[in-house]
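Me: I'm new to this structure and would like to learn how to read it. Could you take me through it one feature at a time?

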Amino acid sequence: MADLMRVSFTIERRLYEELENLLATTQYGNRSEFIRDLVRERLVRDSWRRNEEAVGTITMVYDHHQRDLSGALTHLQHNHHDAILATTHVHLTHELCVETIMMRGPAQQIEALAEELRRHKGVLHVAVSMSSTGQRLK
Ligand code: NI
């Protein structure tokens, strides 16, 4: 059982109303879980800013008919083999593929690979999902 604390804090009425509005649009059962997750989101973002060890997933959509592209994308991923945990490739259409690349390593390394992939002609979209090894989130 986690060591729970009960806290109270002061907040502007307007912000409180915004908080309640936000809560109403979510599936959260109570305010506590919602606020815990806001704190966790902030912790994850800050740890990325400090380039700590992170978990992240790159999602990339590309046109495999683009000349020499598939090989170049694989080559780039091999340059980061130390941080890549798994990849999944799905053939979306006759021309388009989507790949997810799950990584664990310094946040900047994950961002760097995303940027390198993005630079190639035929890569249509690259998104980075930031997450955490979870060490500081419990
Ligand atoms: Ni494919």
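Me: In which sense do strand β1 and strand β3 pair, and over how many bridges?

Reply: Strands here are DSSP runs of E with at least two residues, helices are runs of H or I with at least four, and both are numbered from the N terminus. Two strands pair if DSSP finds at least two bridges between them. In this predicted model, β1 (residues 53-63) and β3 (residues 96-106) are antiparallel, with 11 bridges. Within that pairing, V61 sits opposite V98 of β3. As for the ground rules, residues are numbered from 1 along each chain as its sequence is written. Because this is a predicted model, local features need pLDDT of at least 70, side-chain atom pairs count only at pLDDT 80 or more, totals for chains, interfaces and linings use all residues, and side-chain values use heavy atoms, with hydrogens and water left out.

Me: What is the order of the strands in the open sheet?

Reply: The four strands run β2-β3-β1-β4, with antiparallel pairing. The edges are β2 (84-91) and β4 (123-131), each with a single partner strand, so one side of each has no neighbour in the sheet. On average, neighbouring strands are turned by 15° against each other, direction ignored.

Me: Which strands does helix α3 lie across?

Reply: Contact means heavy atoms within 4.5 Å. Axes are lines fitted to C-alpha atoms, for helices over the stretch in contact, and angles run from 0 to 180 degrees between N-to-C directions. Helix α3 (residues 69-79) lies across β1, β2, β3 and β4, at about 175° to β1. Helix α2 (residues 31-49) lies across β1 and β4, at about 110° to β4.

Me: Which residues coordinate the nickel ion?

Reply: Donors are N, O and S atoms within 2.8 Å of the metal (3.2 Å for Na, K and Ca); water is not among the atoms, so sites may look incomplete. Here the nickel ion is held by H89 (NE2), H91 (ND1) and C97 (SG), at 2.0 to 2.3 Å. Their spacing in sequence is H-x1-H-x5-C.

Me: Is C97 buried or exposed?

Reply: Buried means under 20% relative accessible area, exposed over 50%, and partly exposed in between (1.4 Å probe, protein chains only). C97 is buried, at 2% relative accessibility, while H89 is partly exposed, with a relative accessible area of 35%.
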